[in-house]
Amino acid sequence: MGWLTRFLAAVAFLAVGVIFSPETFGSKPDGQKSSHLSTYLKLAHLLSFSTAFGSALWVTFIGGIIMFKNLPRHQFGNLQSKMFPAYFSLVGACAAISVASFGYLHPWESASTVEKYQLGFLLSSFAFSLTNLFVFTPMTIEMMKQRHKVEREQNIGEEVGWSKNREAAKVNPKLAAMNKKFGMIHGLSSLANIMSFGSLAMHSWYLAGKMNL
């Protein structure tokens, strides 16, 4: 199934959901009905938040681990170098939409303390994603490419896992130094990603408390 077909299918399901929503066929008095703008903003917030949360959950705890355990190290690294910019761009864009829609629905001047905290969580997720996208990811990719070059000279990198790298680093000070620098940068990137996901998780608790199922 092509991307256009998938997109059209998603739009079709969304359209059906809008048609059969309580906002369309509800029997509330006019004075109690939510404005269309408010409904659209809530929808934008919900879709953006759920996309960011689901993407972060998969990449952080499932997809990345599966790939690391099953792909040759250099292949895994090259794949991650293509995926991470797209991933952080997606989460950052979704967080930005969530911030904008939530901020519009809950203006700072009239927002409660809890709502202000929630806006702060969303802003934190946005900031951490941008930091990863523009700071840590480029540094990680550049360091990875340099390390791959050294590893190829040692005829390693096609194995799954880290065993050959660690053995080679014991007798190669240059590779050992690269491993240390890469570990530091990658650690900061991972920390920023966890903080972004944690901020989204905090907001998920808030949304759960607002749901009436």
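Phe53 is partly exposed, at 22% relative accessible area, where buried means under 20%, exposed over 50% and partly exposed in between (1.4 Å probe, protein chains only). Phe197 is buried, with a value of 13%. This is a predicted model, in which local features need pLDDT of at least 70, side-chain atom pairs count only at pLDDT 80 or more, and totals for chains, interfaces and linings use all residues. Residues are numbered from 1 along each chain as its sequence is written, and side-chain values use heavy atoms, with hydrogens and water left out.

## Aromatic pairs

The whole structure holds 8 aromatic pairs. Rings of Phe, Tyr and Trp (its six-membered ring) pair if their centres lie within 6.5 Å; planes under 30 degrees apart count as stacked, over 60 as edge-to-face and the rest as tilted. Phe53 and Phe197 are stacked, because their ring centres are 5.2 Å apart and their planes meet at 25°. This pair joins distant parts of the chain, with Phe53 in helix 3 and Phe197 in helix 7, 144 residues apart. Helices here are DSSP runs (H or I, at least four residues), numbered from the N terminus.

Phe84 counts as buried at 19% relative accessibility, and Phe88 is buried at 3%. Elsewhere, ring pairs link Phe49, Phe53, Phe61 and Phe197 into a cluster.

## The second largest pocket

About 720 Å³ of space lies in the second largest pocket. The closest to its centre, of 30 lining residues, are Phe76, Gln80, Phe84, His186 and Ser190. On a 1 Å grid over the protein atoms alone, a pocket is an open set of points where a 1.4 Å probe fits, with protein on both sides within 12 Å along at least five of seven lines; lining residues have an atom within 4 Å of a point. The volume is the space filled by probe spheres set on the points, which are joined across faces, edges and corners.

Helix 4 gives the largest share of this lining, 9 residues.

## Confidence

The protein chain has a mean pLDDT of 90, and 91% of its residues reach 70 or more; pLDDT is the predictor's confidence in each residue, from 0 to 100. Residues 29–33 fall below 50, and this stretch has 2 contacts in the model beyond near neighbours in sequence, a contact being heavy atoms within 4.5 Å.

Methods: Helices (H or I, at least four residues) and strands (E, at least two) are DSSP runs, numbered from the N terminus.
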